[in-house]
Amino acid sequence: MISSVLVANRGEIACRVFRTCHELGIRTVAVYSDADENALHARVADSAVRLPGASPAETYLRGELIVKAAVAAGADAVHPGYGFLSENADFARAVLDAGLVWIGPPPEAIEAMASKTRAKELMAAAGVPLLAPLDPDAVTEKDLPVLVKASAGGGGRGMRVVRELAALKSELSAASVEAASAFGDGSVFVEPYVEHARHVEVQIVADGHGTVWALGTRDCSLQRRHQKVIEEAPAPGLGPDVERRLHAAATAAARTIAYTGAGTVEFLVSGDEVSEGRVHFLEMNTRLQVEHPVTEAVFGLDLVALQLRVAEGGTLDGEPPTPSGHAVEARLYAEDPSQDWAPQTGTLHRLSVPGVRLDTGYGDGDTIGVHYDAMLAKAVAHAPTRAEAIRRLAGALERATVHGPVTNRDLLVRSLHHAEFTAARMNTAFYERHLADLTAPAPDPYAPLAAALADAHGRSRFGGWRNLPSQPQSRRYLVAGEEHEVRYRHTRQGPAAEGVHVVETGPDLVVLEIAGVRRKFAVARHGDRVYVNDTALTALPRFPAPETAHAPGSLLAPMPGTVVRVAEGLTEGAPVQAGAPLIWLEAMKMEHKITAPATGTVTALHVSPGRQVEMGTLLAVVDPT
């Protein structure tokens, strides 16, 4: 019996595993980097071991340090979580060689699926339908579009869609560089790219006694940069024949490599009618998936508990439980979808999503740094029907309190309400088609007034009502990138504003009557940031400081990160075209292009590859004249 588990991971997944361990009476051990010294996963574990350094390469990717930490802390088992070393066969062997229990599949099974090219060979031999890899040197116009993929790893890293033959060579090179940086393996391959397909996967759990469960299906078609955003179970609209083929292929994949534990087999389902679609094997993830909670909700299972049972040598029942209802999960990211999904950093002052399951690795007041993934939490709703589950999740996100860096919360709500999604007609190109509409600013027009009245009420306690009643007061706020000025007056009856009736004011709550309807506005402040219900505002000073001004054409770092590339030949005096990529930044496991704002000449270049920059750092200047 396992008595103490070290989780070789961080954040949300570490907290998720700890929760089940605590319920089962198993002691827990965390590992943490210097950047994670005060992180939630390090706080909730029974004990914690420091991994010196901040970057993943120095810490969570150092298998020998993690094994040493497990032994030092007295753990008798290691759970890898997802990401980092979770699909590293050498790490699994090192854990076993140290006399510890590995809560995952055999190293040989991990190895078999670690290379996507080798995995495809095995699956083809087992009769699993798939997209055969293409020889990069033999790709022709008629093969386009194609997908360049990293042979090792996942999460969208080292992946490129190529639609023009002339771009294939450079995209192969770029994907190889990114894959080497992310996974330590720069090998890539090419396969056909299936347009407008659905991403459907099957959760499997297998014990060491010959039983393999195929736990329904999940749809993960809503993706950005080949990374999932919204997932659900079961996958809607699949015909019984398609589901049967998916289950058969997933079970065959597991049996082919003598798999044990929890894993996921991923497929593309293509065709005009998904109910009769073609099934193509993509890959097998030999670990727990981020989206595993939707399967747990539908089947009434704890997949982490099953992983522990299998690792202890236990058996599964002959048949899995009967599924019930529908579950939908949304990943809440600290990122700005309207700015090329740029990750955001800073203090998460408050996070609350009422009425649904919330898996998170952050607590109020925690810092979101630059070293790791931008996911803050996963919100999961379960209901008897798909429509009810979607409504529950969308409603919870609408009522959520998220104070801190910019997030994708509004995008999630709009995605869940989108007609294409509610009708289950979505596919992997959903955000390519709809991103502009889904990210169009729609702030509450009365939020600035509520913020100003709440601020005025707070200042009144310190003599802030001294101005003459006849003199209008004004405040300026930045909302969704636009400046808003609001005006109000102080009267004997209290504050007044044109077009509304001010019912009540307080430092944390303002009630306005608008066209006969009373509305409540909850107000919270953190520095110069003001949150009014779900609208974020920045209070602007009356007179901006001159040192904050930048010359026209200035390129500023949209987030803290590392400069990984500069466009070939880019120097001061070089001509550039509007929209041309000039500088590439890497932050929070994502790579971002900084493009020329206009056609012109580079008059200043302040960075080179390898330089660390903070948000707002001046990178370069393009003179449009």
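**Notes on the fold and its local details**

1. V479 stands opposite E482 in strand β24. This pair belongs to a predicted model, in which strand β23 (residues 473-479) and strand β24 (residues 482-491) run antiparallel to one another and are paired over seven bridges. The two strands make a hairpin with two residues between them, and A480 in that turn has a positive phi of about 50°.

2. Strand β24 also pairs with strand β25 (residues 494-496), again in the antiparallel sense, through three bridges. Here T491 is the residue that stands opposite G494 in β25, and this hairpin, formed by β24 and β25, has two residues between its strands.

3. Which residues have the most contacts inside the largest nonpolar core? That core has 74 residues, and the ones in question are V5, I230, L397, L416 and Y431. Strand β21 (residues 375-383) gives the most to this core, contributing seven residues. Apart from it lies another core, of 29 residues, among them A112, L122, A206 and F281. As general background, nonpolar side chains in soluble globular proteins tend to be buried together.

4. I230 can be followed in more detail. Residues up to four places away in sequence being set aside, I230 touches D219, C220, L222, V328, E329, A330, L412, S415, L416, F421 and Y431. L416 and Y431 are themselves listed with I230 among the residues that have the most contacts inside the core.

5. The side chain of E420 makes a polar contact with the side chain of R433, at 2.2 Å. Beyond its neighbours within four places in sequence, E420 is in contact with R425, M426, F430, R433 and H434.

6. Helix α1 (residues 11-23) has 13 residues and reaches 19 Å from its first C-alpha to its last, close to the 18 Å expected at 1.5 Å a residue. This helix is mostly covered, with ten of its 13 residues buried; the buried ones include I13, V17 and F18, but also E12 and R16. Just after α1, G25 takes a positive phi of about 80°.

7. V510, in strand β27 (residues 509-514), counts as buried because its relative accessibility is 0%. Although V510 and A454 are 56 residues apart in sequence, their C-alpha atoms are 6.4 Å apart in space. Leaving aside neighbours within four places in sequence, the contacts of V510 are A450, L453, A454, E504, T505, R519, K520 and F521.

8. The bond from L144 to P145 is cis, with omega near -5°, and P145 lies in the loop between α6 (116-125) and β6 (146-150). A cis peptide bond also joins A233 and P234, with omega about -5°; P234 is found in the loop between β11 and α8 (240-256).

9. Positive phi values in residues other than glycine include that of A258, near 50°, in the loop between α8 and β12 (261-270). A258 is exposed, with a relative accessible area of 52%. N533 also has a positive phi, near 50°, and is found in the loop between β29 (529-532) and β30 (535-539), where N533 is partly exposed, at 34% relative accessible area.

Terms used
Residues are numbered from 1 along each chain as its sequence is written. This is a predicted model: local features need pLDDT of at least 70, side-chain atom pairs count only at pLDDT 80 or more; totals for chains, interfaces and linings use all residues. Side-chain values use heavy atoms; hydrogens and water are left out. A nonpolar core is a set of buried Ala, Val, Leu, Ile, Met, Phe, Trp, Tyr and Cys residues joined through side-chain atoms within 4.5 Å. Buried means under 20% relative accessible area, exposed over 50%, partly exposed in between (1.4 Å probe, protein chains only). Helices (H or I, at least four residues) and strands (E, at least two) are DSSP runs, numbered from the N terminus. Contact means heavy atoms within 4.5 Å. A polar contact is a pair of N or O atoms within 3.5 Å; within protein, one must be able to donate a hydrogen and the other to accept it, and residues adjacent in sequence count only if both atoms are side-chain atoms. The expected span of a helix is 1.5 Å times one less than its number of residues. Two strands pair if DSSP finds at least two bridges between them.
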